[in-house]
Amino acid sequence: MRYSQMLIRTAKEVPAEAEVISHQLLLRAGCIRKLTSGLYTYLPLGLAALKKMEAIVREEMNRAGAQELLMPMVQPADLWEESGRWTQYGPELLRFQDRHNRDYCLGPTHEEVITDIARRELHSYRQLPVNLYQIQTKFRDEIRPRFGLMRGREFLMKDAYSFDVSDEAASQSYQTMHNAYTRIFQRCGLEFRAVEADSGSIGGSFSHEFMVLAETGEDTLVTCRECEYAANVEKAKVVLPDTASKTVPATELNDCTKVETPGTKTVDRVAEFLQVTAKDVIKTMIYLADDEPVAVLVRGDREVQSVKLKKLLDANEVELAENDTAWKLTKLPVGYIGPVNIPIKMVADQEVMTMINAVAGANEKGHHLTGVNPGRDFSPAAVGDLRQITEMDCCPVCKGSLELTEGIEVGHIFKLGTKYSEAMHAVYQDQEGKEQTMVMGCYGIGISRVVAAAIEQNHDENGIIFPLPLAPFQVIILNLGIKNDETCAATEKLYQDLRGAGLDVLLDDRDERPGSKFKDADLIGIPYRITVGKTWEKEGKVEVRTRRDGSTSLLAYEQAASTIATMVQDELAALNQ
């Protein structure tokens, strides 16, 4: 493609609306343009990168035996009512009515539609296993769209769904997809990790997220330095030290005593006032679980992990109650709430149950209790792993040390089991002619999100550094002798030779200053840059620069096309192994 004929409009200034680097650079490089909140137009450069990602995904999905189809984005409400998600999914589901007042939604995902297809088309064990996938636009009505393509309302996604005869067969399909995803992200040239994850609103018994490692990631990953354990912080298991299970003689337990603690509404103030540490304080917080108040207990230096809490309570939504709401619902003084004789439902983190002679709120303004001991003084309705894991905790697998890093979720695979097939009666006949429920799996990749994540991981102060497999073009040629007929002819021949070798090439044939061309080439992040200018005119050589490390070399003009083609092909081959 010729730069002069392509819609590429770069910008020097960072757009005020852009918060993260991928958003800034995609706008500055002329890859996307905002239509309205959370909605973007993909301009030619941005679309080219998406198509590269799509091609890799298709090749690996087809290699894994999946079959491509395309489902409607608009979905009828009755399918979602069958699965129970019409009311459960929440406000992210954009609902509307057609002219006949029938309810519909814009699909954020397609479990209901694909299950309807399966129950209509698959009837015998001989037709299974089946894995069906699509690459299609999704819509989720995010309350606060942000970060450009990282969290928009409309996005491009690959979603696949497997149907099997048994849990064992479904596990094999799951592993096949795990392997396929690993190959996909390896081929993209990205640094990533697969981590255990919460299944969220999709449901199912088990899932893994594929995370691109980046300092600007929205998610926190927990990895072990000694073994292969890796999990999203929402899923990471906290293992208590062996000493926590030690039985304490009753003689070592102090009496529960109320003490006056004026003006001590925070853990730190209480600890300072009573000359203890935050580890000695039981922190009691009021949460709303499906709009019902519940008291949640953690050690004073810990934080509640809301996803773990939601799982323990089997709730659709949990949120920390505002102070006014907490008082209105419980009539308990915020800052002095504690577990002893609390009048509402109470749950506790497992660590709280190992505390001895703790400090807690007395449920009376200006007062706390000392000598509080679980089991004797209070008994929660439920106990579980409710807190955020830290690097001071040990690995739940090998007891090794942990590391917390940031990542961007780009893929998620789920063992769905029979959640949808049972609700929607997707069944098959087994070898004995008996009706059995299909066992399902679900596998998603955010195509547009991968492109943004790749930029978050690969950039510098000059612009994007596209990994070669995702780059809109593999090579950019700069013609610095635009007014010299011989230079133009040499540039044109090099351009055609590289295209003939199967490379994607952008020819910058604009009548611009060399400095502008260099800056634009760096900004849009094409992996290899070839400069044809005075060095060619004087010595018959062209300069080749690698965008990633800035290394340059001079090649004889006659050898340039074959050498660069080999460089590109070798790099791609190494990623495809």
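Into which domains is the protein chain divided, and what goes on in domain 1?

Modeller: Bear in mind that this is a predicted model. The protein chain splits into domain 1 (10–74 + 115–236 + 403–456), domain 2 (242–384) and domain 3 (473–575).

Let's start with strand 10, which covers residues 206–213. Of its 8 residues, 6 are buried, so strand 10 is largely enclosed by the rest of the structure. As for its partners, strand 9 (residues 192–196) pairs with strand 10 in the antiparallel sense, over 5 bridges. If you want a landmark for that pairing, look for Arg193, which stands opposite Met211 in strand 10. Strand 10 also pairs with strand 21 (residues 402–417), again antiparallel, through 8 bridges. Here the pair to look for is Glu209 and its bridge partner in strand 21, His412. In general, strands of a sheet pair through backbone hydrogen bonds, either parallel or antiparallel.

The C-alpha centres of domain 1 and domain 2 are 39 Å apart, and 4 residues of domain 1 are in contact with 4 residues of domain 2. About 400 Å² is buried between domain 1 and domain 2, with carbon and sulfur atoms giving 47% of that area. On the domain 1 side, the residues that lose the most area to domain 2 are Asp198, Glu234 and Ala236, which together make up 78% of what that side buries.

Strand 4 (74–76) is an edge strand, as is strand 5 (95–97), so to speak: each pairs on one side only. They belong to an open sheet of 3 strands in the order 4-6-5, with antiparallel pairing, and the twist averages 40° from one strand to the next. Strand 4 is joined to strand 6 (residues 103–106) by 3 bridges, and Val74 stands opposite Leu106 in strand 6.

Searching the whole structure turns up 0 disulfides. For Cys31, the nearest cysteine sulfur belongs to Cys188 and is 16 Å away; Cys31 is also buried, with a relative accessible area of 1%. Cys398 is in no disulfide either, and the nearest cysteine sulfur, from Cys224, is 3.5 Å away, where a disulfide would need the two sulfur atoms within 2.5 Å. Cys398 is partly exposed, at a relative accessible area of 35%.

Terms used:
Residues are numbered from 1 along each chain as its sequence is written. This is a predicted model: local features need pLDDT of at least 70, side-chain atom pairs count only at pLDDT 80 or more; totals for chains, interfaces and linings use all residues. Side-chain values use heavy atoms; hydrogens and water are left out. Two strands pair if DSSP finds at least two bridges between them. Helices (H or I, at least four residues) and strands (E, at least two) are DSSP runs, numbered from the N terminus. Axes are lines fitted to C-alpha atoms, for helices over the stretch in contact, and angles run from 0 to 180 degrees between N-to-C directions. Buried means under 20% relative accessible area, exposed over 50%, partly exposed in between (1.4 Å probe, protein chains only). Domain bounds come from an automatic or database domain assignment. Contact means heavy atoms within 4.5 Å. Buried area is the accessible area (1.4 Å probe) that two parts lose on being put together, summed over both.
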